[in-house]
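Please examine the sequence and the three-dimensional structure shown below.

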2 protein chains.
Amino acid sequence: MSSTIRLRRGLLAAALCLALPALAAAASSDKGGTSAYAAVDPMIGTGGDGHTFPGATVPFGMIQLSPDTAMPDVKHAYKWAAGYQYGDSSILGFSHTHFSGSGHSDLGDVLVMPIAGDVKLDPGSPDQPGSGYRSRFDHKSEKAEAGYYAVTLADYDVRAELTAGQRVGWHRYTFPKGKPAHLLLDLRPSIYDYDGKVLWSSLRVHADGTVTGGRTTRGWAPGRQLYFAMRFNQPLASRSLKNRETGVPYKGFSGPGNRAEDVDAMTGRALEGVFDFGDLGKPLIVKVAVSSVSEDNAIANLDKDGAGFDFDARRAEARQSWEKALSTVDLVAPADTRKTFYTSLYHAMISPSLSMDVNGEYRGPDNQVHTAKGFDFYSTWSLWDVYRAQQPLMTLLQPAKSNDFVSSLIAARQSSPFGILPIWAYQGMETWCMIGYHAVPVIADAYMKGIRGYDADAALEAMVASATYGPYGGIDDYMKLGYVPIDRQPEAASKTVEYAFDDWSLAQMAKAMGKDDVAATFSKRAGNWKNSFDTKTGFLRARKSDGNYREPFDPSSAGYGSDYTEGNAWQYSWYVPQDVAGLIDALGGKDAFVKKLDSVFDAKVDPKSFAHVEDITGLIGWYAHGNEPSHQVAYLYDYAGQPWKTQERLVQIMQTQYTPTPTGLVGNDDLGQMSAWYIFTALGFYPVAPGSNQYVIGRPFIEKATLNLPGGKHFVVSADHLDAKHPYVGKVTLNGQPLDRTFVRHEEIVAGGELHFTMQATPAKDWGQTPASLPYSMTPSAP
Amino acid sequence: MSSTIRLRRGLLAAALCLALPALAAAASSDKGGTSAYAAVDPMIGTGGDGHTFPGATVPFGMIQLSPDTAMPDVKHAYKWAAGYQYGDSSILGFSHTHFSGSGHSDLGDVLVMPIAGDVKLDPGSPDQPGSGYRSRFDHKSEKAEAGYYAVTLADYDVRAELTAGQRVGWHRYTFPKGKPAHLLLDLRPSIYDYDGKVLWSSLRVHADGTVTGGRTTRGWAPGRQLYFAMRFNQPLASRSLKNRETGVPYKGFSGPGNRAEDVDAMTGRALEGVFDFGDLGKPLIVKVAVSSVSEDNAIANLDKDGAGFDFDARRAEARQSWEKALSTVDLVAPADTRKTFYTSLYHAMISPSLSMDVNGEYRGPDNQVHTAKGFDFYSTWSLWDVYRAQQPLMTLLQPAKSNDFVSSLIAARQSSPFGILPIWAYQGMETWCMIGYHAVPVIADAYMKGIRGYDADAALEAMVASATYGPYGGIDDYMKLGYVPIDRQPEAASKTVEYAFDDWSLAQMAKAMGKDDVAATFSKRAGNWKNSFDTKTGFLRARKSDGNYREPFDPSSAGYGSDYTEGNAWQYSWYVPQDVAGLIDALGGKDAFVKKLDSVFDAKVDPKSFAHVEDITGLIGWYAHGNEPSHQVAYLYDYAGQPWKTQERLVQIMQTQYTPTPTGLVGNDDLGQMSAWYIFTALGFYPVAPGSNQYVIGRPFIEKATLNLPGGKHFVVSADHLDAKHPYVGKVTLNGQPLDRTFVRHEEIVAGGELHFTMQATPAKDWGQTPASLPYSMTPSAP
């Protein structure tokens with residue numbers, strides 16, 4: 001989400017025809033080649049608008065230890081939402097927390113930088129630190145693997161290597177001989193920085209050499225506290241703690257001694273520590289644990305999760321954890337496809353992030369400390385994005401984690417000041433970013449798929465509480481009027497349709513639990529999309545509280561103040577995944593529906609029309625792949641009996657929107673949602689309506705993919721004639737039996753088996769005339 | 001401490017001669033009269049420099065609920081260090097935390113104000129809040145008792161009553177009929193306020209009507225967190241939460257709804273809540289618990305310590321707690337003396353303050369949460385002041401509390417980032433205010449008096465750690481050179497002599513514990529005062545690290561940058577309580593010593609000479625009673641065989657420095673130290689050297705005082721001929737036996753008995769020729 005628009009010029013030219021030769025070329029190259037692990041390239045998405053980070057993390061880990069090339073002020077921060085931009089040529093330092101692919105941002109906590117030789121620091125200002133210690137680097141010296149990152153800092157001739165555990169970041173710095181080694185720790189900089197963002201920070205050197213501290217920041221999650229504990233494999237020769245802020249008005253505070261090198265602890269808003277090790281004969285290993293709760297917990301995390309100083313062993317463990325996570329899918333595919341696919345899988349398993357200390361304590365949305373009992377608490381919930389495909393992908397590949405995710409959502413709700421589920425949360429705290437109550441479909445989807453390792457009654461209670469909490473996003477009016485009125489709430493049309501979908505998913509779960517009254521209430525609410533759909537113009541539109549649609553109406557109008565969230569009527573009018581048949585009716589039947597869909601993709605859009613809007617990227621006509629409301633649109637042709645058009649559009653998207661290069665992601669990866677879309681689409685199906693247990697079939701982009709599922713089951717997706725000359729699905733079989741419908745059920749996949757496609761050169765107009773549509777399968781999978 | 005000077009003009013004129021008629025007049029009035037409780041007047045010290053507060057608290061309680069008349073910015077804040085100044089005519093609100101008699105200040109947390117009728121709030125600015133809700137009041141409507149305060153808010157015609165429990169503040173507001181009742185909660189104002197002091201705050205209305213929140217402030221204890229939980233006896237008709245700060249730069253944060261009346265929770269730096277109750281038929285009761293740890297703990301404190309809404313019952317409990325505390329001393333004395341004495345006793349038992357939640361959790365100097373095991377954690381340690389007499393008074397009257405105090409000091413040291421005992425701490429956190437390591441004599445004094453309910457080994461370890469922590473206040477140089485050098489540390493002469501006394505007290509405890517090596521080390525250090533005492537000029541002076549005294553030397557020079565802490569050479573040269581005999585030698589014998597002492601009291605001092613110095617008040621010549629370094633000086637004549645001069649000086653001080661009026665305290669009460677001096681002196685003896693178990697005899701000012709000691713013992717101090725015509729001690733008996741020495745031992749007091757004085761008209765030059773001096777009794781009291 002959220003960016004200034006970067007229109008992909010030439011995307012239209014690069015569409016279907018040009019894409020086919022590319023497919024053909026790819027098909028002739030390596031088909032199994034390197035390991036899944038070796039195929040991951042964390043550099044993908046680090047340039048342009050991808051906003052991924054190249055550094056070290058483990059699946060769903062608390063630590064994202066990564067180089068930061070800039071942390072500019074808030075006006076210029078969008079480009080550096082992950083701290084790193086591939087186009088940059090110098091590194092500020094290495095910090096321990098990052099979002100993967102977010103639009104808005106924060107974090108960049110506990111930034112360290114090795115310095116060889118004299119330390120000459122420019123004091124800078126609180127909001128522009130680091131001018132004194134930044135170092136140039138060359139991409140040739142970089143090595144990025146899942147869980148490992150290395151670079152040579154040219155100005156210091158220091159080789160920097162990073163790896164990560166669940167709660168500990170590991171650094172290995174090899175200094176040049178003959179120059180004294182230092183480590184600088186700067187608590188000032190922050191991703192999305194601005195003056196006054198650090199409300200308070202502390203720094204302390206313990207008698208045993210452990211360095212602890214923390215800071216409270218006034219960022220995206222206001223008042224967020226983040227603590228750390230740091231240890232070195234070498235004794236400190238000396239150290240100094242500095243407060244770069246001057247003019248502190250309170251009297252009497254100086255602390256013991258008055259020399260920076262004597263001070264053992266310091267608090268303030270602009271703290272910096274320099275740790276000196278002299279001329280080292282061996283690499284400096286630094287290990288850092290973080291905690292949202294306290295310094296004591298950070299120390300406990302370091303004690304338990306960070307024993308010893310064996311960097312290579314920790315790196316091997318990080319690799320193993322990724323090898324295990326990536327082993328859920330085996331591919332037969334060309335090298336570039338493998339690279340894109342496994343990197344997508346890697347990006348899809350970075351968050352939600354562990355946000356719980358070794359003693360089970362975590363910080364909740366009330367900014368208070370709670371203890372998780374019987375589950376691991378995860379946060380970093382970009383729910384508006386990830387409920388669509390990233391979380392459904394986890395129900396398939398990581399159902400055990402899904403249990404923790406659902407339990408975490410319930411727990412967050414139980415310590416919410418509002419008694420509702422998270423909206424956009426991280427490190428346990430709420431940002432209120434984006435719209436909807438999309439924790440509801442995340443939970444419903446898991447429940448319907450038979451994932452039940454949490455308190456289902458508490459879950460349903462939380463879902464109903466969230467869906468009926470009047471003060472949030474116009475829900476009070478939504479419940480009264482059946483739609484959100486634009487004169488009382490911005491982006492009212494988007495809110496109405498997203499609430500209606502969330503309501504539908506809630507109804508499915510309630511019905512499956514035998515709560516018929518709840519199911520009836522929310523089934524009815526699921527039809528509310530009709531209250532905001534203007535059949536005269538054929539567009540989703542926002543109504544006022546007096547019942548009239550807002551005038552004047554321009555379907556190309558988008559952005560804040562309009563009826564839609566990061567989109568316009570061309571994009572948002574398709575958002576009725578729970579009732580595509582109803583939408584077809586509303587648009588006047590299948591032909592009109594298809595015609596209008598075509599006009600979305602084939603429109604000639606003036607790039608200037610989005611110049612004022614943040615984060616509408618990846619345009620194909622009006623279709624904006626870089627923005628999530630479009631993500632199900634290409635699959636909708638299936639519902640109108642023209643699956644070959646879905647297949648055409650998918651080729652168009654797959655060939656233009658994903659390339660295995662640093663600038664290969666056309667929009668923010670959005671915490672794995674863009675990547676999860678790729679994975680599903682490459683496999684040949686997509687969860688258009690999470691909670692339905694149905695995946696809508698597109699077409700496969702991989703010759704053979706094996707999903708290695710829990711319980712030893714294997715589900716194979718294979719394709720004959722998968723090349724550029726055969727872009728259409730001819731026949732489909734499931735376990736050898738012909739499959740005419742354009743969807744596959746979750747229970748069919750988890751049972752194991754094979755979905756086989758025969759591709760052909762021309763559209764197969766006799767295949768796929770049974771769409772996934774209402775009534776969706778209402779039978780939940782067995783637990 | 002710390003003030004601009006307020007010279008008591010006319011003090012010299014009001015000395016000995018004028019004082020005698022006053023004594024005579026007093027002696028003829030009521031002698032037993034009102035109860036001890038009724039004699040307490042919390043208004044004493046609320047005007048001028050006393051800095052006491054008139055509001056409600058219980059002995060050593062966590063809550064000090066009191067009206068604030070102003071919380072001005074830091075440049076004008078000194079006068080309002082307790083939030084209230086008797087000369088003011090309007091009240092801003094009632095807040096829950098206050099220091100009693102401090103010089104520098106902070107607190108004023110959780111300010112509330114009842115409003116009758118329409119709420120018309122001037123938004124103000126973050127650092128100048130309250131212009132919209134302040135109300136005028138008249139002193140005639142005020143009623144202040146120990147544990148209870150009431151006032152009528154004239155602008156609203158609201159009767160406001162306050163009382164307190166250990167962790168809960170209770171409010172009763174009686175609104176005029178026909179006007180809607182509101183309670184305003186303002187998290188912005190702070191005592192010693194300045195722009196940006198509130199780093200972060202939060203406010204939340206729970207479904208059950210409980211209001212919680214907290215704030216982190218950048219004040220005297222930087223980064224201090226204070227949470228609260230509040231409940232009302234009436235349902236909320238409506239409420240609104242407001243953030244008065246504008247221009248918050250982060251995107252996406254709005255929280256549920258966009259109307260103040262819908263918002264259930266809010267975070268920010270300038271929060272305000274308005275709670276509406278409609279037209280009430282009965283008083284509004286508000287109860288508020290605080291916690292340094294968390295909102296959850298504040299709720300738990302409220303649940304456990306704040307059941308129901310019976311204001312009168314809580315007021316009665318507060319009264320009972322004070323009646324019990326005050327019952328430790330019975331007096332036969334005139335009404336004015338009773339008032340001054342019992343108010344002093346009240347002021348001496350306000351702090352240290354409980355700083356531990358009902359679950360045992362407290363915040364330590366590392367700003368982390370710890371749990372007290374087997375003791376109650378107390379903080380608010382103005383140690384530079386209270387080690388002199390307030391803490392010794394507690395060893396006599398409240399030995400059980402002394403155990404908790406010592407345990408709290410040890411616990412604070414164990415979670416100190418520096419591993420040392422508190423210096424000036426509150427709510428668990430350190431301010432580094434003032435000099436010395438005076439937790440050491442507090443512990444030593446308790447140990448020597450047989451108070452042993454703590455880990456003595458841990459205590460001694462903590463004391464040694466504090467006394468040898470090089471980076472603090474030049475201790476590294478002090479250990480090397482035997483004095484603190486003025487070219488490396490300000491106020492070096494004061495530091496040297498205070499360290500030497502602290503060392504002496506440490507040595508006494510070490511010796512009593514059989515740690516002879518430790519005792520030897522610190523006994524030697526106790527003599528370090530000689531290294532900074534210039535026998536040529538006869539003054540304590542600061543030396544440079546090259547060994548030379550700093551030149552030029554002016555014994556009247558005082559203040560920051562000079563050799564002394566809040567004093568000059570005339571005042572500080574007497575600070576050798578551990579070796580007065582040595583000091584007499586250094587000054588050339590008893591006659592020279594007495595002559596120099598006389599020149600202190602009889603000097604004609606130009607008031608301008610202190611115009612630049614903070615907090616030197618209560619001057620009699622150079623003697624500054626408002627500042628603690630003078631507190632033992634009048635007793636020193638005893639050591640030179642001229643006790644009648646001690647008696648004369650004490651009359652001079654008692655008659656000029658304490659009056660039972662709002663402006664009756666000539667200097668800051670300093671958390672009970674000024675009051676404790678009064679109590680000891682009125683009883684007839686004073687702990688010149690805490691840790692010695694000896695009280696130096698002055699003269700009694702009360703006809704009969706009975707100390708009701710633990711274990712059912714009673715120690716009576718009585719006097720014959722106590723009137724203005726008989727200002728001198730003639731004879732003294734202890735339990736009927738003549739007592740010629742000028743000191744009484746702690747063990748003699750706690751055994752029970754009677755110390756009887758016969759006063760006479762002329763100096764008794766044959767009495768009291770055996771002074772309390774080295775060797776002090778080295779035998780500790782039996783545990």
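## Domains of chain A

The C-alpha centres of domain 1 and domain 2 of chain A are 44 Å apart. Domain 1 covers residues 48-324 and domain 2 covers 484-573; such bounds come from an automatic or database domain assignment.

This is a predicted model, in which local features need pLDDT of at least 70 and side-chain atom pairs count only at pLDDT 80 or more, while totals for chains, interfaces and linings use all residues. Residues are numbered from 1 along each chain as its sequence is written, and chains are lettered from A and ligands numbered from 1 in the order in which they are written.

## Composition of chain A

Chain A contains 19 helices and 37 strands. Helices (H or I, at least four residues) and strands (E, at least two) are DSSP runs, numbered from the N terminus. Of the 783 residues in chain A, 62% are buried. A residue is buried if 20 or more other C-beta atoms lie within 10 Å of its own, exposed if 12 or fewer, and partly exposed in between, with C-beta atoms placed from the backbone.

Among contacts in chain A with a separation of 6 or more, 72% are between residues 24 or more positions apart. Two residues are in contact if their C-beta atoms, placed from the backbone, lie within 7 Å.

## The nonpolar core

The largest nonpolar core has 499 residues, and those that touch the most other members are Val290(A), Ile443(A), Ile679(A), Val290(B), Ile443(B) and Ile679(B). Domain 1 (48-324) and domain 2 (484-573) of chain A both contribute residues to this core, so it lies between them. A nonpolar core is a set of buried Ala, Val, Leu, Ile, Met, Phe, Trp, Tyr and Cys residues joined through C-beta atoms within 7 Å.

Leaving aside neighbours within four places in sequence, the contacts of Val290(A) include Met62(A), Ile63(A), His96(A), Leu226(A), Phe228(A) and Ala298(A).

## The nine-stranded sheet of chain B

In chain B, nine strands form an open sheet with antiparallel pairing, in the order S6-S7-S8-S9-S17-S13-S12-S11-S15. Its edge strands are S6 (143-145) and S15 (265-268) of chain B, each of which pairs on one side only. Neighbouring strands of this sheet are turned by 15 degrees against each other on average, direction ignored. Two strands pair if DSSP finds at least two bridges between them. Axes are lines fitted to C-alpha atoms, for helices over the stretch in contact, and angles run from 0 to 180 degrees between N-to-C directions.

Strand S12 (residues 211-218) and strand S13 (residues 222-232) of chain B run antiparallel and are joined by eight bridges; Gly214(B) has Tyr227(B) in S13(B) as its bridge partner. Strand S11 (residues 198-205) of chain B pairs with S15(B) over four bridges in the antiparallel sense, and the partner of Ser202(B) in S15(B) is Thr267(B). From S15(B), Ala265(B) and Thr267(B) point one way and Met266(B) and Gly268(B) the other way, and all are buried.

Helix H4 (residues 311-326) of chain B lies across strands S7 (148-153), S8 (158-164), S9 (168-174) and S17 (284-291) of chain B, running at about 50 degrees to S8(B).

Helix H12 (residues 492-512) of chain B has 21 residues and reaches 30 Å from its first C-alpha to its last, close to the 30 Å expected at 1.5 Å a residue. The expected span is 1.5 Å times one less than the number of residues in the helix. Because 19 of the 21 residues of H12(B) are buried, the helix is largely enclosed by the rest of the structure. Gly514(B), whose phi is positive, near 80 degrees, follows H12(B).

## Two buried loop residues of chain B

Ser294(B) is in the loop between S17 and helix H3 (295-305) of chain B. With 21 other C-beta atoms within 10 Å, Ser294(B) is buried. Leaving aside neighbours within four places in sequence, Ser294(B) is in contact with Gln368(A), Val369(A) and Tyr227(B).

Pro365(B) occupies the loop between strand S20 (361-363) and strand S21 (369-371) of chain B. Pro365(B) counts as buried, having 26 C-beta neighbours inside 10 Å. Beyond neighbours within four places in sequence, its contacts include Ala412(B), Pro417(B), Pro422(B) and Met429(B).
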